[in-house]
Amino acid sequence: MRIGRRIRGAAARPAVVAFALMTAGVGLGWAASPASAVLVHLPGGRSASYQPLLGAAKAAPLDSVFTNVDYNGGPVMPSNANYTVYWDPSGAPSYPSGYKAGVDQFFTDLAHDSGGVGNVDSVAAQYNDAAGDYASYVSSFAGRLDDGDAYPASGCAGATICLTDAQIQSELSSYISSQGLPRDLTHEYFLLLPPGVETCFDATGAQGCSAGSSVNPKFCAYHSNSSIGQEFIYADDPYVTGISGCDDGNHPNGSPSDGVIEGGLVHEHDESITDPEPNDAWADASAGGSEIGDKCEGVMGTSSGTAPNGAKYNEVINGHLYWFQHEWSNQGHTCLGRLTFQGNRPVATFTSTPSGYLTIAFDASGSTADGGVSEYNWQWGDAGSPTSPPAGTETSSATIEHTFPGPGTYTVALTVFAADGTSTGTTRTITVSELPPAAPGWALSDFATGFDNTYLGPMGIVADQFDNLYVGDAPDGLLYKFGSQGGIAADNVLSPSAIGSWPLGLAFGKDGELYAVLNGDNEVVQVDPVTGDVVRVVADVGDPLGIATDPVSGDLFVTSDSDGGVDRISDPSSASPAVTQYATGMSVPDGISAAPDGTFYVEDNGNIDSVSASNSAAPGTVTPIANVSSADGVGVGANPFDPAAPTFVVANGNDGTMTQINLNQTPATTAPVFSGGTRGDFVTVAPDGCLYATQQATVLRVSDADGSCPFSPITPFQPPALQPVAPAAITPTSATFQATVNPQGTATTFHFQYGTGTGYGSTTPDLSAGSSDQPVTVSQTVTGLAPDTVYHYRVVAHNEAGTVYGSDSVLSTLSQVNVVPQGGTPAPTVLSLPTISGRAVPGQTLRCQAGTWTGATGYSFSWVRDARATSAQGSTYRIKQTDVGHRLACMVEAQGPGGTTPAESAAVTVKRIVRLFTIHVTAPTTSPAQLREAGARLAITVPRACSATIRLFLITPGHRVPTVRVLAVRQLRFTGRGTRTLTIAVPASALGRGIVRLAASAAGGGEQSRPASVTIYRGH
């Protein structure tokens, strides 16, 4: 799966919080050009959109045709009863004189003129929802609420009293409940705070604080729907009067309330009516979720006159004068202070028909509008994808197809526009469940679904011996683990963060370890299959793609784009695995699988090749078998008469097909397994004999039509074989248990169970028995036994194929009198075993505590690695990089007048440190010239001093699928924790037709970043 030929989907559109920061103006008015909202992600899956300060950020591009807001499928407020909430505890900062009265008067005036067309609320009345409601001008003032509860301890650092959004939600919810107030879509609670009380979205203020905050001031006000209990609608309006970023100082009522009315109150009120669950009803998807207030930020229109105090006004409501911004009107494509609706409302309707696997055809030709429908806007309710029309797609055609990321239920929203922008929205619930059609003799089922497919979707895939399926996601670097029943990707994430840069192929070694290809780092690494942590770097390989384990030798075989062949990693579990070139002469080798006899099958630029078995002389012989132009992943079919000779192979294709290649005929013949799927990548065979194949956003299970599975598991592990051995060194209080363990070529651990009955009750620590295919003698010494007592014991061994229990054996400890040495003094006796303290990571020091003993006068210490003695002496041990992946224990020998006694601690496994860089990519999006001149800007943050390698990838359209190539590699030296930036020019040759994306990753000092990307140009 050449990463140069894939691209993967965006996360689903979040819809929780929106907020606005009004831009400062000078002279006679505000800036007249509309800006756009900026989306911020908040804890718990919530999000926020806000209006940045003037000059703080560039405006996002508007819709390509109308610049209008679009319907996203959610509700509007059919009426609005508005409460003012003044949080005014005793001893807190006070509200200025006239402030509360002025705000209450505004809502009273708004209610008095309800139903008219004389102010901005009439502009909102044109917007509908799927339930048939409109954001009508039906407004009432529900009354003033004075909340005397004390402020909680400041949750943020922007002021002496600083409240987070979570604290605001909590207080409002508690107050509403205590007063028996309504929670629905027809009531809104406007929280108005006094001077000196600021708010932030998070504790640090990193995501934005109110305009008066000393920390990251970004907004004047915001509105949201609460996530606490039953939903309620609320707005946060801190005191902004006199703050130039929100209030231009034009106060026609001469009251401090003029500042908050102009500086956010009206803005949030009208956005709440048309989008009460932010970014879910009427918002401009292509402008970062801009609502009707965001699109008219600072647009005040023409002054209607001058108030007695000389201030301008542009609204007269119930005879009172006001000055505030206009709101966006789809009808007329403009910002208005009032609207008398003209003409007829369009009719929005559509039908849907399955068109292929995950693909639905939509037809909105039944929609109507005065003068005919001019434009259709579609919101898909899914993650979207560059290879499918993304959310916010506009088209002049009534018909369109969309490919969804996986089976499921989706809410699709349609907005229909007349030529003058007059609009109506509607939604339908779409169920996507159809699988691609299988050819006769085959059966398909969805095994794992819901993968994000903005770029590439699921790619690397491998099964362990317990039918757990591991799936890798290349751009995000995440690793998933599914049980035998499969499931949804989001519920089965294994690695909490990226395991590296562009992980592709996955394979379990014959040693039972999980190995992954990191294409962006040119590495093959070992990954902990339990935690998802990277344990160590196994080898450096140029542009690695696929990986397979040789079931004969246990070596790893990796396809290398830069080598044009297959590389061999010998003895991968050793400290220094050797990398040699095994097969050459290929074009672009990609997917690779092994047959049980060690023959490899490789996809090479549309050709399926066999590579001679690994036990033959190198270099391996490459033999073309068949051409399958779209092939990528390769799976091996079983031969019921000769398991070492596969009957067939299958090729998973980028074009949504899977092809069977019959090896029993010369030349090999091909036949379809299925067609009509989505983009396929690697495949794997599980121990159940079924094939698991990646698709664009799913993993398919492929079997025979009768449900049986005709494929060959690639790495046939066997459980350990055990034999008991007579115990040794029996004393009154100790004994050495012994057994032989055959690991069967797979990494194996063992321990002993013992006790005075067959229930045992005591267990020794796990130790390694290695991974050889020959029996090895293992032993462990236990102390603290009772003299003259019969003990039962057995050995227990475990590897990837399972756990095996040895037969029950017995021993008798000696009588105490038998071990008193000449002179009558016994040797030391251990009461509790030695222990190890310290972090088991490279560069740290482990310390050994001797445990507790009787009769000991001194101790000596030594260290054991993987149950083998080392030359390290002393009670401390400094961990080296070469210890990664190995088990360390300390051996204590206690000396006393009666002799010496040894005891060993439990072992600890040394793990690789993985602390992530963070990386951000920004780039201009206006023109090729600007891209060439300004370049792409990267910001890299590291946790400590280190050297980092920064790679910049350019993702452009390819012949079949997008192409990824390395644009630049930079080396940065960090002297400590911090952030560095650099700018890299984008060549003109990259700016062709279609979507161009830029991606970047950073790695250094054993750490890496999660890749970041941004769309930098959309060709025409």
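Trainee: Which residues do ring pairs link into a cluster?

Mentor: Ring pairs join Tyr83, Tyr189, Phe201, Phe219, Tyr222, Phe232 and Tyr234 into a cluster. The model is predicted, so to speak of local features requires pLDDT of at least 70, side-chain atom pairs count only at pLDDT 80 or more, and totals for chains, interfaces and linings use all residues. Residues are numbered from 1 along each chain as its sequence is written, and side-chain values use heavy atoms, with hydrogens and water left out.

Trainee: What describes a pair of aromatic rings?

Mentor: The distance of the centres and the angle of the planes describe such a pair. Rings of Phe, Tyr and Trp (its six-membered ring) pair if their centres lie within 6.5 Å; planes under 30 degrees apart are stacked, over 60 edge-to-face, and the rest tilted. This structure holds 43 aromatic pairs. In one of them, Phe201 and Tyr222 are tilted, with 4.6 Å centre to centre and 40° between the planes.

Trainee: Why does the pair of Phe201 and Tyr222 tie together parts that are 21 residues apart in sequence?

Mentor: Phe201 lies in the loop between strand S10 (197-200) and strand S11 (209-210), whereas Tyr222 is in strand S13 (residues 221-225), so the pair ties those parts together. Strands (E, at least two residues) are DSSP runs, numbered from the N terminus.

Trainee: Are Phe201 and Tyr222 buried or exposed?

Mentor: Both Phe201 and Tyr222 are buried, that is, under 20% relative accessible area, with exposed over 50% and partly exposed in between (1.4 Å probe, protein chains only).

Trainee: Where does Lys295 lie?

Mentor: Lys295 lies over the face of Trp328, at 5.1 Å from the ring centre. A charge sits over a ring if NZ of Lys or CZ of Arg is within 6 Å of the ring centre and within 35 degrees of the ring normal.

Note on methods
Helices (H or I, at least four residues) and strands (E, at least two) are DSSP runs, numbered from the N terminus.
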